[in-house]
Amino acid sequence: MSFTIEATTEKLILAECAEMMSKTEPWITLQRDLAGCMEAMLGNYKEVYVARRNRELLGFIVLQMQGAFKGYIQSVCVSPDAQGAGVGTSLIQFAEKRIFLVSPNVFMLVSAFNTKAADLYFRLGYEKIGTLKNYAADGFDEFLLRKTIGSLKNFLKNQLYR
Ligand SMILES: CC(C)(COP(=O)(O)OP(=O)(O)OC[C@H]1O[C@@H](n2cnc3c(N)ncnc32)[C@H](O)[C@@H]1OP(=O)(O)O)[C@@H](O)C(=O)NCCC(=O)NCCS
């Protein structure tokens with residue numbers, strides 16, 4: 001399937017992403033309503049990238065580029081009709097290229113019950129580095145995942161010589 005990936009800050013497109021998210025697992029089970037999903041699109045140091053075929057929204061990814069886990073994939077979502085066709089993989093690989101310019105680590109959370117998504121992340125090189133018990137709600141654990149290209153020290157040294 002051919003599609004483009006580009007950054008957006010347009011409120012209408014962000015609202016379309018929030019709507020897609022609110023109607024998709026795992027957020028249905030986690031009871032994240034439309035307002036909560038819209039909130040997830042906004043905020044300092046966030047970057048939103050959308051995958052589109054012509055004008056049709058296929059999926060999106062939200063990055064948090066500052067904070068303790070700088071280079072954090074906060075949300076990735078592909079429309080149910082477009083799942084399984086490589087869009088999610090492309091969005092994640094696009095995000096990794098962006099994050100590895102400024103940090104040697106990509107972090108993300110995956111719900112313990114979201115085993116299909118976790119399988120994809122493990123295949124893409126993510127490692128489980130911890131469990132956040134009862135995180136989103138009581139009874140719902142999240143796994144913290146990390147993909148790395150090296151230590152902070154080496155990364156900073158290489159940045160100096162670029
Ligand atoms: C997880 C998700 C982003 C993956 O994107 P995708 O475009 O469907 O995935 P790709 O086509 O690049 O890769 C396919 C692989 O993704 C995984 N996958 C996870 N959920 C899937 C789904 N609902 N449908 C198809 N594949 C899925 C499988 O490992 C699959 O590999 P397989 O075909 O060998 O089983 C997407 O399915 C999605 O948005 N799911 C619902 C929301 C979600 O779970 N987001 C992640 C929150 S951490």
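This is a predicted model: local features need pLDDT of at least 70, side-chain atom pairs count only at pLDDT 80 or more; totals for chains, interfaces and linings use all residues.
Helices (H or I, at least four residues) and strands (E, at least two) are DSSP runs, numbered from the N terminus, and two strands are said to pair if DSSP finds at least two bridges between them.

Strand 2 (46-53) pairs with strand 3 (56-64) in the antiparallel sense, over 8 bridges. Strand 2 is also joined to strand 1 (residues 4-8) by 5 bridges, and these two strands run antiparallel as well; within this pairing, Glu6 has Val50 of strand 2 as its bridge partner. Strands 2 and 3 form a hairpin with 2 residues between them, and in its turn Asn54 has a positive phi of about 55°. Most residues other than glycine have a negative phi, and most peptide bonds are trans. Asn54 is exposed, because 7 other C-beta atoms lie within 10 Å, where a residue counts as buried with 20 or more other C-beta atoms within 10 Å of its own, exposed with 12 or fewer, and partly exposed in between, the C-beta atoms being placed from the backbone.

Arg53 belongs to strand 2 and counts as partly exposed, because it has 13 C-beta neighbours inside 10 Å. Leaving aside neighbours within four places in sequence, Arg53 is in contact with Met1, Ser2, Phe3 and Leu58, contact being assigned if the C-beta atoms of two residues, placed from the backbone, lie within 7 Å. Ile13 is 40 residues from Arg53 in sequence, and the C-alpha atoms of the two are 14 Å apart in space.

From here the description turns to the interior. A nonpolar core is a set of buried Ala, Val, Leu, Ile, Met, Phe, Trp, Tyr and Cys residues joined through C-beta atoms within 7 Å. The largest such core has 35 residues, of which Cys17, Phe60, Ile61 and Ile73 touch the most other members. The elements that give two or more residues to this core include helix 1 (11-22), helix 2 (34-41), strand 5 (105-111) and strand 7 (140-148), while strand 3 gives the most, with 6 residues. In soluble globular proteins, nonpolar side chains tend to be buried together. Phe60, again leaving aside its neighbours within four places in sequence, is in contact with Cys17, Val48, Tyr49, Val50, Ala51 and Cys77.

Strand 4 and strand 5 run parallel and are joined by 2 bridges. Between them the chain passes through helix 3 in a right-handed β-α-β crossover, a term that applies if, with the strands pointing away from the viewer, the path from the first strand over the helix to the second runs clockwise.

Strand 5 in turn pairs with strand 7 in the antiparallel sense over 7 bridges, one of its positions being Asn105, whose bridge partner in strand 7 is Thr148. Strand 7 also pairs with strand 6 in the antiparallel sense, over 6 bridges, and Lys128 stands opposite Leu145 of strand 7. The hairpin of strands 6 and 7 has 2 residues between the strands, and Gly139 in this hairpin takes a positive phi near 90°. Strand 6 (residues 127-137) is hardly covered, for the count of buried residues among its 11 residues is 0. Asn134 is found in strand 6 and has a positive phi of about 45° although it is not a glycine; this residue is exposed, because 10 other C-beta atoms lie within 10 Å.

One further backbone feature is a cis peptide bond between Glu25 and Pro26, with omega about 10°; Pro26 lies in the loop between helix 1 and helix 2.

Finally, there is the ligand. The ligand is surrounded by 19 residues, the closest being Gln83, Gly84, Gly88, Thr89 and Lys116, where a residue is near a molecule if its C-beta atom, placed from the backbone, lies within 6 Å of it. Strand 4 (72-78), helix 3 (87-99) and helix 4 (115-123) are the elements that give two or more residues to this shell, and helix 4 provides the largest share, 4 residues.

Definitions and conventions
Residues are numbered from 1 along each chain as its sequence is written.
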